[in-house]
Amino acid sequence: MGLFQRKGSETDESSEDKKEKGGWRRPANTAFKQQRLKAWQPILLPKTVLPTFFLIAIIFGPIGGLLIWGSSLVSEMTFDYTDCETLTPSTSNTSLSYVELPSSKYSYHLSSSASKNVDINAPVYAFLNNSANSQDFDVFNQQQCIIQFDVPADLSASVFMYYKLTNFFQNHRRYVKSMDSDQLSGKGGSASHLNSGDCKPLGSLNNISIYPCGLIANSLFNDTYSNPVLLNPSNFEATNVTYNFSSENIAWPGESKKYVSTPIGNGYSSVDEIVPPPNWNKRFPNGYTNDNIPNLATDEHFQNWMRTAGLPTFSKLYGRNDQDTMQKGRYMITVGLNFPVIPYKGTKSIVISTVSWIGGKNPFLGWAYVAAAALFVLLAIAGTAMHLIKPRRLGDMSLLSWNR
């Protein structure tokens with residue numbers, strides 16, 4: 001028992017062993033392991049800090065000005081058509097009831113060269129209900145919004161058309177995860193597998209795998225846009241001239257590699273094993289057939305949608321024209337209304353924009369640099385004034401090298 005153990009017994013031996021083992025855990029007596037490496041320990045003095053502030057301001061100021069100038073070269077027009085479906089519907093293309101867009105629903109941010117001597121008429125839009133003539137219109141154009149707007153100056157290529165959504169939280173964690181990359185890349189997935197994975201609750205329908213599964217694919221933006229038509233051309237013989245936007249090369253390079261052209265033979269043996277997402281019923285009213293199945297490898301609108309946005313307000317590229325100049329004049333564009341935004345208090349808009357060497361129109365980064373430069377100048381001036389008016393007595397620098 002421990003009470004009767006004498007000095008020098010096993011208890012003392014075990015304590016000595018512990019000391020020896022503890023010695024093995026001690027770091028080696030080297031400059032690196034004992035943290036004795038030489039290091040630069042700058043002393044912050046007015047004569048070093050204040051010039052540094054001025055130097056940073058001198059660097060940041062021109063960078064900010066350059067970024068703002070690059071953004072000013074971009075022309076951008078935005079037209080919010082959210083409330084179009086609430087207008088009194090017209091029943092014929094020949095008797096459209098146009099309503100002027102409120103000033104808060106559109107904006108023109110023109111380049112410095114395009115904004116000179118421009119006269120912009122307010123855009124107008126009309127709601128066309130084609131439900132009574134469903135045999136003459138495809139399912140995506142049963143309800144249309146016809147928008148007329150001015151392009152106040154020639155827009156040189158490249159010209160881009162985007163759709164813009166607000167209050168749509170693609171960055172929600174559950175939404176972002178709601179997809180199956182293996183299924184999209186051609187590895188298939190049974191109904192039970194998809195239901196137990198990230199696609200739940202949109203993994204299957206009636207015990208049949210949904211392709212593509214998940215919330216992202218199911219909520220695919222499905223408003224359609226016609227090519228803008230120039231209504232009053234001045235240099236052409238034709239009555240109306242169409243400005244064509246292409247849906248090719250609108251997705252990031254390499255996006256198509258994430259998808260297969262067809263799931264048949266790539267994870268599934270027949271179309272009977274898959275069904276469309278519930279919100280795709282308009283596009284596939286009778287389900288998938290061998291002749292009617294989505295080619296996700298070439299559908300760049302789908303690829304753009306699947307790359308989720310980081311903020312609830314975002315724009316996604318819908319079309320581009322890299323060859324032709326968009327001529328000045330009055331244009332008309334027809335929108336097929338299919339994507340609901342009013343129920344969740346969102347908005348949807350068309351954005352037509354050019355680009356410059358800096359990209360799209362976004363002066364925020366430039367003004368951030370300018371604001372930082374102004375802040376550093378203010379701090380430097382305040383510090384200099386304080387140092388000249390009431391200088392602080394510095395300590396004895398020789399004490400810093402005193403060795404105890």
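Me: Tyr225: buried or exposed?
Reply: Tyr225 is buried, at 10% relative accessible area. Buried denotes under 20% relative accessible area, exposed over 50%, and partly exposed the range in between, with a 1.4 Å probe and protein chains only. The model is predicted: local features require pLDDT of at least 70 and side-chain atom pairs count only at pLDDT 80 or more, whereas totals for chains, interfaces and linings use all residues. Side-chain values use heavy atoms, without hydrogens or water, and residues are numbered from 1 along each chain as its sequence is written.

Me: How many aromatic pairs are there in the whole structure?
Reply: The search returns 27 aromatic pairs. In one of them, the ring centres of Tyr225 and Tyr318 are 4.8 Å apart with planes at 85°, so this pair is edge-to-face. Tyr225 belongs to strand β9 (residues 224-225) and Tyr318 to strand β13 (residues 314-321), so the contact ties together parts 93 residues apart in sequence. Rings of Phe, Tyr and Trp (its six-membered ring) pair when their centres lie within 6.5 Å; planes under 30 degrees apart are stacked, over 60 edge-to-face, and the rest tilted. Strands (E, at least two residues) and helices (H or I, at least four) are DSSP runs, numbered from the N terminus.

Me: And Tyr318, buried or exposed?
Reply: Tyr318 counts as buried at 13% relative accessibility. Another edge-to-face pair joins Tyr259 and Phe302, at 5.7 Å centre to centre and 75° between the planes. That pair links parts 43 residues apart: Tyr259 is in the loop between β11 (241-242) and β12 (274-275), and Phe302 is in helix α7 (residues 300-306). Tyr259 and Phe302 are both buried.

Me: What lies over the face of Trp252?
Reply: Arg307 does, at 4.0 Å from the ring centre. The criterion is NZ of Lys or CZ of Arg within 6 Å of the ring centre and within 35 degrees of the ring normal.

Me: Which residue does Arg307 form a salt bridge with?
Reply: Arg307 pairs with Glu255, their closest N and O atoms being 2.5 Å apart. The two sit 52 residues apart, Arg307 in the loop between α7 and β13 and Glu255 in the loop between β11 and β12. Arg307 is partly exposed at 32% relative accessible area, whereas Glu255 is buried at 4%. A salt bridge here is a side-chain nitrogen of Lys or Arg within 4 Å of a carboxyl oxygen of Asp or Glu.

Me: Which two residues meet at 3.9 Å, N to O?
Reply: Asp80 and Lys105 form that salt bridge. Asp80 lies in strand β1 (residues 76-80) and Lys105 in the loop between β2 (99-100) and β3, so parts 25 residues apart in sequence are tied together. Both residues are buried. Lys105 also meets Asp83 in a salt bridge, at 3.4 Å N to O.

Me: Switching topic: where does UniProt put the transmembrane region?
Reply: The unreviewed UniProt entry lists residues 48-69 and 364-389. UniProt positions follow the numbering used here, with shortened feature names, and annotations may be inferred rather than shown by experiment. In the model, residues 48-69 are 100% helix, with end C-alpha atoms 32 Å apart. Residues 364-389 are likewise 100% helix, and the end C-alpha atoms are 37 Å apart.

Me: Where is Pro123?
Reply: Pro123 is in the loop between β3 (106-109) and β4 (124-129). Its relative accessible area is 0%, so Pro123 is buried.
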